[in-house]
Amino acid sequence: MSDNNVQIFDTTLRDGEQVPGCKLNTDQKLIIAEQLEQLGVDVIEAGFPVSSPGDFKSVEEISKLVKNTIVCGLTRAVENDIKVAAEALKYAKHPRIHTGIGTSASHIKYKFNSNQDAILERAFEAVKFAKRFVEDVEFYAEDAGRTDNEFLARVCEMAIKAGATVLNIPDTTGYCLPSEYGAKIKYLKENVKGIEKAILSCHCHNDLGLATANSIEGVINGARQIECTINGIGERAGNTALEEVVMVLKQHPYLNLDTNIKTEHLYGISQLVSENMGIYTQPNKAIVGANAFAHSSGIHQDGVIKNRETYEIINPKDVGVTESAIVLTARSGRAALAYRAKNVGYELTKLQLDAVYANFLDFADVNKEINDTDIHQIIETSKVYQ
Ligand code: KIV
Ligand code: ZN
């Protein structure tokens, strides 16, 4: 892995699956895991093995199936969780245990009724115990987004001392501003003793719609792993969307940060996850939404027909979408109508186009979107064609 490579840690099957009302069975998880490996993710977080026999089985089966990608299981800083995760991961070629504990003042007080020293001790013991089973141990400081930076640095030092090689800094509640999250990562890079033995990981939630921006600020400031889900699914407002962070890095090469993702698989896996989870993706969703490459206003359509780059910053083929769509509505102009008419076999002269366009506007005012059959009908019933 080069210094500029950002590892993609996919948690669709763990944090993503925490979407209320969504459940995947083991077979569905296996199908998705196989596609995640094809996509080129570096880590698949397959589940939380102690949480249920079903999750245990899924982690075990995914461990058997996946060949080259790291398979990870989540635990609390609890010995039994760690033992169960190790058991579920025993067939994995590259197993990782992801253990951790809440570190913010409110987690320490209300969740654990504890104190900072006890949390430091539990962090150390959990990582040390996990190291008995696997070499690759990632530590998470839950609610790191709202944890005091000095204390967070001490927690990270403890985890590194016990053998953690990845330090996950979750903005669990999606509260941080990008500048704040970036500064947190920078602070840890500069102040944690032994940080050269570990990489920092961004794990951002989307409660304020900032998960992608925060993750990008994180890697700009030195983190080298992003934890994310397909379509940004996850509890509450979801997690960082994998397709978004990957394409931000790809479309901004001057950042000099890359990933191992084969981006042309992004649209396909988005559809696969959406269908299996029964969660429909909003049409205006960046990168993979139905309208992400659709143009409907006359000015934009005219520009895109002349040159795609006038209104598109991504080539749709790069994310697995065959082509941009020119959608005909009452807001469309003559250029779009001529383009769509040509696609269904009509080369209209200027005179014909004027007549057809008038007929089209009457039709489009009544019917929201015009399909290919409508185009035939509009042209054939236009005066100039009769
Ligand atoms: O959001 C979070 O803090 C988490 C951890 C359990 C890693 O998902
Ligand atoms: Zn999370």
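Reply:
**Helix H8 and its cover**

Ala 211, Thr 212, Ala 213, Asn 214, Ser 215, Ile 216, Glu 217, Gly 218 and Val 219 are the buried residues of H8. Buried means 20 or more other C-beta atoms within 10 Å of the residue's own, exposed means 12 or fewer, and partly exposed is in between, with C-beta atoms placed from the backbone. The model is predicted: local features need pLDDT of at least 70, side-chain atom pairs count only at pLDDT 80 or more, and totals for chains, interfaces and linings use all residues. Residues are numbered from 1 along each chain as its sequence is written, while chains are lettered from A and ligands numbered from 1 in the order in which they are written.

H8 spans residues 211–220, and nine of its 10 residues are buried. Helices are DSSP runs (H or I, at least four residues), as are strands (E, at least two), numbered from the N terminus. The cover over the buried residues includes S6, helix H7 (178–191), strand S7 (199–204), strand S8 (225–228) and helix H9 (242–251). Just after H8, Gly 222 has a positive phi of about 120 degrees.

Strand S6 (166–171) and strand S5 (136–142) each give at least two residues to the shell around ligand 1. That shell consists of Asp 15, Tyr 140, Glu 142, Asn 168, Pro 170, Thr 172, His 203 and His 205. A residue counts as near a molecule or strand if its C-beta atom, placed from the backbone, lies within 6 Å of it.

Technical notes: Two residues are in contact if their C-beta atoms, placed from the backbone, lie within 7 Å.
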